[in-house]
Amino acid sequence: MKPLEGLLVLDFSQFLAGPSAALRLGDLGARVIKIERPGTGELNRQLSIKNQMVDGDSMLFHTINRGKESYAANLKDSEDAASVRALIARADVLIENFRPGTMEKLGLGYEAVKELNSGIVYASVTGYGQEGPWRDKPGQDLLIQSLSGLAWLNGNADQPPVPFGLAVADMFAGAHLVQGILACLVRRGRTGQGGRVEVSLLESALDLQFEVLTTHLNDGGELPQRSAVNNAHAYLGAPYGIYETKNGYLALAMGSVVRLGELLECEPLSAFQDPKTWFTQRDEIKQHLVSHIQTRSTEEWLNVLEPADYWCADVLTWERLFAHEGFKALDMVQEVRREDGSRRLLTTRCPIRINGERLLDTSAAPKVGEHTAAIEQEFQLRDVQSPEGQQQIDGGERA
């Protein structure tokens with residue numbers, strides 16, 4: 001039995017941060033119902049990666065919505081709106097990532113929802129928080145990386161800011177949202193009290209930098225200086241970085257520069273006996289390593305460094321990674337399929353194990369409204385009458 005079995009999650013969110021949080025709760029056993037517009041569904045269904053579409057929906061949508069059910073509701077329609085409210089009254093968790101104030105305008109803000117269900121955990125993702133001058137800016141990952149200083153940490157000293165090749169702000173915000181949701185569920189299990197969980201992409205991007213920001217805040221406000229040679233961490237000294245070899249690349253983490261010189265037979269490194277110089281003269285040290293490491297293959301260097309327990313690694317392409325026994329042992333890839341068997345695709349599984357068991361789910365992302373009829377029958381939603389004067393609800397903007 002998965003830890004969250006028996007819990008009902010309503011996923012009103014779209015794009016990446018909110019849906020990824022709902023996905024993880026689903027991986028842990030919760031039942032996740034995606035609330036979507038009839039016909040078009042969530043906007044992310046049409047936001048393709050590399051123009052890849054699967055059965056009419058984007059590969060990105062499939063990636064972060066596997067295992068969910070889809071309930072299509074026209075929230076301008078009073079009957080549909082009443083059905084959604086009835087569903088909320090039965091739910092354990094509600095997730096939304098509209099811009100601040102949108103859910104309140106729609107009659108589904110936390111205070112209104114709490115009246116329907118006092119024990120619900122109401123989880124929100126915004127771009128920049130509920131207040132401040134950036135409150136209404138579009139919450140998009142590249143923009144967050146840029147504003148948070150995250151992109152400014154990447155690349156060599158002579159390069160412009162370099163963003164990550166992943167939507168890291170979205171992903172970490174989703175993970176932080178899950179942490180908050182689980183904490184509130186634990187409290188609810190002890191006290192019966194629900195709660196509101198809020199995260200923002202910007203705060204998640206700042207938290208991601210807690211190590212370097214703490215150093216900066218306690219270092220007289222000195223700004224980090226990126227290494228001019230193979231920069232990998234603005235606050236770490238040599239040899240930290242990735243180096244080109246005769247046939248590939250070699251990653252070197254923290255370690256004694258002197259010991260490294262002995263192992264690699266790189267005599268110039270013996271001059272740096274004082275560990276403080278490994279930071280203050282890191283570019284000089286790295287430059288010695290750049291020219292020396294290019295003389296031999298990655299395999300040759302690994303055969304020297306690994307037996308000596310010096311922290312190092314090959315730098316793999318996905319092709320080489322997938323062929324490696326170390327990757328195969330993880331069994332990270334699973335096949336998912338739509339309920340009618342019409343489409344199948346490969347994706348990663350949940351990285352968490354419970355009692356040694358991998359958390360697998362073979363259900364692919366749903367079609368728009370695929371489960372509407374079954375959900376209405378199960379929860380008897382069409383028996384719910386629209387209250388007199390009920391405020392109409394419409395779709396909102398993304399976070």
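In this predicted model, Val 93 touches Leu 8, Val 9, Leu 10, Leu 25, Ile 120, Val 121, Ile 181 and Leu 185, leaving aside residues up to four places away in sequence; contact here means heavy atoms within 4.5 Å. Local features need pLDDT of at least 70 and side-chain atom pairs count only at pLDDT 80 or more, whereas totals for chains, interfaces and linings use all residues. Residues are numbered from 1 along each chain as its sequence is written, and side-chain values use heavy atoms, with hydrogens and water left out.

A nonpolar core is a set of buried Ala, Val, Leu, Ile, Met, Phe, Trp, Tyr and Cys residues joined through side-chain atoms within 4.5 Å, and buried means under 20% relative accessible area, exposed over 50% and partly exposed in between, with a 1.4 Å probe and protein chains only. Helices (H or I, at least four residues) and strands (E, at least two) are DSSP runs, numbered from the N terminus.

One of the contacts of Val 93 is Leu 8, which is placed in strand β1. Leu 8 counts as buried because its relative accessibility is 6%. Beyond four places in sequence, Leu 8 touches Arg 31, Ile 33, Arg 90, Ala 91, Asp 92, Val 93 and Phe 379.

Strand β1 belongs to an open sheet of six strands with parallel pairing, in the order β5-β2-β1-β6-β7-β8; two strands pair if DSSP finds at least two bridges between them. Both β5 and β8 are edge strands with a single partner each, so one side of each has no neighbour in the sheet. Neighbouring strands are turned by 20 degrees against each other on average, direction ignored. Four bridges link β1 and β2 in the parallel sense, and Val 9 has Val 32 as its bridge partner in β2. Helix α3 packs on this sheet, touching β1, β2, β5 and β6, and its direction makes about 140 degrees with that of β1. Helix α16 packs there too, touching β1, β2 and β5, at about 85 degrees to the direction of β5. Axes are lines fitted to C-alpha atoms, for helices over the stretch in contact, and angles run from 0 to 180 degrees between N-to-C directions.

In α16 (residues 372–379), the buried residues are Thr 372, Ile 375, Glu 376 and Phe 379. They span an arc of only 100 degrees around the axis, which means that they sit on the same side of α16; the arc is that of the directions from the helix axis to the C-beta atoms. Their cover includes β1 (8–11), β2 (31–36), β5 (69–72) and α3 (78–90). Exposed Ala 373 and Gln 377 are carried on the face of α16 turned away from its buried side. Just after α16, Gln 380 adopts a positive phi of about 55 degrees.
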